[in-house]
Amino acid sequence: MRRPALALLTVLLLSPAAPATAAPATGELRVDQIGYGPAETKIGYLLGKAPAQGTPFRVVDARGRTVHTGRTPAATGSWNTTYPAVHQLDFSAVKKPGTYRLKLGEATSPEFRIGSGLFAPLARANNEFFQAQRDGADVIPGRLDRKPAHLADRQATVYAAPEFGGDFGDEILAPLKPIGGPLDVEGGWADAGDYVKFTSNSAYSLAEMGYALRERYDRALADEVRFGLRWLDKMWDARSGVLYAQVGIGTGSEKFGFLGDHDVWRLPEADDARQVEPGHPEYYVKHRPVFPANAPGEAVSPNLAGRVAAAFALGAQVERDKKLARRYLDEAASIFAKAKTAGVGELVTAFPHSYYPESSWRDDLELGATQLALAGQRLGDRRAAEWTEQAVHWAREYIGGDERGTLNLYDTSALAHADLARLAPRVRGELVADLRRQLDEGVAGAQASPFRTAVDLTQFDAATKSFGFAATALLYRGITGDRAYDAFGTQQRDFTLGANAWGISLVVGAGSRYPNCPHHQVANLRGAPLRVAVGDGWANLAGSTEPGARILHGAVVNGPNGTANFDGLTPPDGATPCSKPLATFDTPDTRFFDDLSSWPSSEPAIDFTSTALLAFTLSP
């Protein structure tokens, strides 16, 4: 359903006091609702109904005692007609661990904490989301009482890649054509709020999860990485050299008489109960088609070959069973050797390609080769030196090319650079320079935002790109010791955890306000049944994170998005109504719509969540 100045932020000069006759400041206070490390830069925001320069603000502790005071500096910009002034409030001087609130005039912020280790619980929550996304027989019931589902995937039929066209590139132009099977593709993770499974996205998430696990061991995360790799192993047939790219089809066809995954709102286990024969409109809902990325004997799209190899190679680095680790290494090596590196053409991501229109692939090959070299070193494989040379080659190809981005589903270079800089010191300077390039792009973008947000809020993937900047700042510091981007990275994390115009955390269950109405079928149909009318909509009262609370705990949603992307949204048939409007904080160009139908804002995804997991793991 998805389609797709270094010290700039460190010091804020306080402005002169406002005249004594100034009106009382009014507005909303925004903070990172989880909190801040003791040594981190700590910035809150006044979303003001009028300029408030010079107005005193204070930080109070859990007992209401003032522990810090300051004066409001000049506005960083305007937000909308209701809130024409946004002011940054710097309280970095507060370092003592504890629970606090920010106060300015009559406005009071949500609670936040100062302390060490605040973000490790969020990484564990992110992993809980992956558990909730499990498909197949080996599910974890969890908060949403998950059931085994899609057992028909054990005997799946392989189909030729569909032909797509139309204005959005997602109109099926011909009937699906069976070419093989049966194939066992049971297991894995549903990609987002639907139940389609993608090799590319799963491999990206597994690479980040493996990286995080290598940084900080956690048994539940180790189990989830092993679960994901077990499915990825089914998608790669080393004997025939075929990589399977997708299980299920999101797009149905009225012309050819079949429904896709996006056409039916249901619990996943309902699909197993369907009594359908070929030609029935729901046939592909139960008997989900599998699409290959390549034919036998053909090379594999390099983005897929690189990131799948990286996922297996990171598995080989963190797996404590040496026999299984060597198997992962063999799988990684076999698929990496099949990468297509000449005449690449359109990359294979998903069917249709318009769902995930990736164009960068050298970064994936750099990541794959780097992780192969590290896994080879761990397991005593003599090919480690050769893989290191390949990693250097692809890093230079990436850095010298014109398809350069920042960390998210479409660009994995930051992960590759951080490891290769240690593995191949002779290119460390080039890699560090490109990491600075990525962070400088973010800093430049942040200058134009009143909330110092690096990402463009009129585009998709605001949350995951923000977490990508936060993680990249930490990776950069880890290999250089340079803290120049620390404040920038912290503010990008702050944005995702409530320091934004809407005052909402983009991680379900994190903080005091978070999405109540995710565009997610299991969460909607299994979630908290108690809903009450709020204005013209509904609010889901799944507001507790206590054990048993029926929420999609740890899921990261897309976040704010361009206003035009919400045109024509309607609730899916069979869904439980749920809406919590936040229109007061929208602008003409961007909005956050906490509503069941709002996939551009409220749909979670595994790649969003794995990038958050990595950022939280790396955080102090």
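At what angle do helix 2 and helix 3 pack, and how far apart are their axes? I looked this up first.

**Ground rules.** I am working with a predicted model, in which local features need pLDDT of at least 70, side-chain atom pairs count only at pLDDT 80 or more, and totals for chains, interfaces and linings use all residues. Residues are numbered from 1 along each chain as its sequence is written, and side-chain values use heavy atoms, with hydrogens and water left out.

**Helix 2 and helix 3.** I find an angle of about 145° between helix 2 and helix 3 (residues 219–235), with the axes 10 Å apart. Axes here are lines fitted to C-alpha atoms, for helices over the stretch in contact, and angles run from 0 to 180 degrees between N-to-C directions. Helices (H or I, at least four residues) and strands (E, at least two) are DSSP runs, numbered from the N terminus. I note a left-handed crossing for this pair; the term applies if the near helix is turned anticlockwise from the far one by less than a right angle. Contact means heavy atoms within 4.5 Å. Helix 2 contributes residues including L206, M209 and L213, and helix 3 contributes residues including V225, L229 and W231. By class, I get 12 nonpolar, four polar and one charged. Ala, Val, Leu, Ile, Met, Phe, Trp, Tyr, Cys and Pro count as nonpolar, Asp, Glu, Lys and Arg as charged, and the others, Gly among them, as polar.

**Helix 2 and helix 9.** I then took helix 2 (residues 199–215) with helix 9 (residues 413–423): the axes come within 11 Å and cross at roughly 40°. This crossing is left-handed. E208, Y211 and R214 of helix 2 meet L415, A418 and D419 of helix 9. The contact residues are three nonpolar, no polar and three charged.

**Salt bridges.** I count 37 salt bridges in the structure, each a side-chain nitrogen of Lys or Arg within 4 Å of a carboxyl oxygen of Asp or Glu. In one of them, R426 pairs with E389 at 2.7 Å, N to O. R426 is in the loop between helix 9 and helix 10 (428–447) and E389 is in helix 8 (residues 384–399), so the bridge ties together parts 37 residues apart in sequence.

**Backbone.** Which peptide bonds did I note as cis? The one from G181 to P182 is cis, with omega near 0°, and P182 belongs to strand 13 (residues 178–183). The bond joining F351 and P352 is also cis, with omega about 10°; P352 sits in the loop between helix 6 (322–336) and helix 7 (362–379). I also noted D145, which is not a glycine but has a positive phi of about 50°. D145 is in the loop between helix 1 (120–132) and strand 10 (156–159).
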